[in-house]
Amino acid sequence: QVQLVESGGGLVQPGESLRLSCAASGNRFSFNTMGWYRQPPGKQRELVATITSGGKTNYADSVKGRFAISRDSAKNTAYLQMNSLKAEDTAVYYCNAVGGGYVMADYWGQGTQVTVSS
């Protein structure tokens with residue numbers, strides 16, 4: 001059974017940084033894609049960034065140049081380095097993983113809260 005566990009969220013001031021981690025377990029193979037999504041208060045869940053098994057990355061326009069996604073296959077973990085945080089980055093951040101087995105399944109973590117406030 002695949003599990004994704006996020007960590008690293010918290011309360012920071014505008015301009016500060018945070019690094020989120022997503023530790024995966026239970027997958028038979030490396031995930032095709034891992035990613036981060038977020039759901040701001042009162043809004044729908046939105047894409048933040050994704051990374052393929054080959055290292056190709058994709059970012060939402062709102063985070064380009066400030067956030068960086070990476071993954072460590074040996075540790076079966078994905079990361080999201082968030083710099084120059086803004087109030088509008090406040091959201092619950094969810095880890096997502098696709099694949100990892102014989103079927104192209106879609107997995108989600110439980111989410112971690114990021115609050116940017118002075």
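This is a predicted model: local features need pLDDT of at least 70, side-chain atom pairs count only at pLDDT 80 or more; totals for chains, interfaces and linings use all residues.

Residues are numbered from 1 along each chain as its sequence is written, and side-chain values use heavy atoms, with hydrogens and water left out.

**Stop 1: the start of the chain.** Select Gln1, in the segment before S1. (Strands are DSSP runs of E, at least two residues, numbered from the N terminus.) Gln1 is exposed, at 84% relative accessibility; the scale here is buried under 20% relative accessible area, exposed over 50% and partly exposed in between, with a 1.4 Å probe and protein chains only. Leaving aside neighbours within four places in sequence, Gln1 is in contact (heavy atoms within 4.5 Å) with Ser25 and Gly26.

Now move to Val5 in strand S1, residues 3–7. Val5 is partly exposed, at 44% relative accessible area. Beyond its neighbours within four places in sequence, Val5 touches Ser21, Cys22, Ala23 and Gln110.

**Stop 2: the core.** Pick Trp36, Leu80, Met82 and Tyr93, the residues with the most contacts inside the largest nonpolar core, which has 28 residues. Such a core is a set of buried Ala, Val, Leu, Ile, Met, Phe, Trp, Tyr and Cys residues joined through side-chain atoms within 4.5 Å. Strands supplying at least two residues each include S3 (18–25), S4 (31–39), S8 (77–82) and S9 (91–99).

Stop 3: Cys22 sits in strand S3 and Cys95 in strand S9, so the pair ties together parts that are 73 residues apart in sequence. The link is left-handed, with -80° about the S-S bond. Cys22 is buried at 0% relative accessible area, and Cys95 is buried at 0% too.

**Stop 4: the salt bridges.** Where do Arg38, Glu46, Arg66 and Asp89 come together? They are linked in a network of salt bridges, each being a side-chain nitrogen of Lys or Arg within 4 Å of a carboxyl oxygen of Asp or Glu. Start from Asp89, whose bridge to Arg38 has its closest N and O atoms 3.0 Å apart. Asp89 lies in the loop between S8 and S9 and Arg38 in strand S4, so this pair ties together parts that are 51 residues apart in sequence. Both Asp89 and Arg38 are buried. Asp89 also meets Arg66, at 2.8 Å, N to O. For another bridge, select Asp61 and Lys64 (3.1 Å between the closest N and O atoms), both exposed.

**Stop 5: the surface.** Finish with Phe29, partly exposed at 38% relative accessibility, in the loop between S3 and S4. Phe29, Tyr102 and Val103 form a nonpolar surface patch with about 370 Å² of accessible area together. Patches take residues with over 30% relative accessible area and no salt bridge, joining like charges within 9 Å and nonpolar side chains (Val, Leu, Ile, Met, Phe, Trp, Tyr) within 5 Å; accessible areas come from the Shrake-Rupley method with a 1.4 Å probe, and for residues only the protein chains shown count as cover.

How values were computed:
Helices (H or I, at least four residues) and strands (E, at least two) are DSSP runs, numbered from the N terminus. A disulfide is a pair of cysteine sulfur atoms within 2.5 Å.
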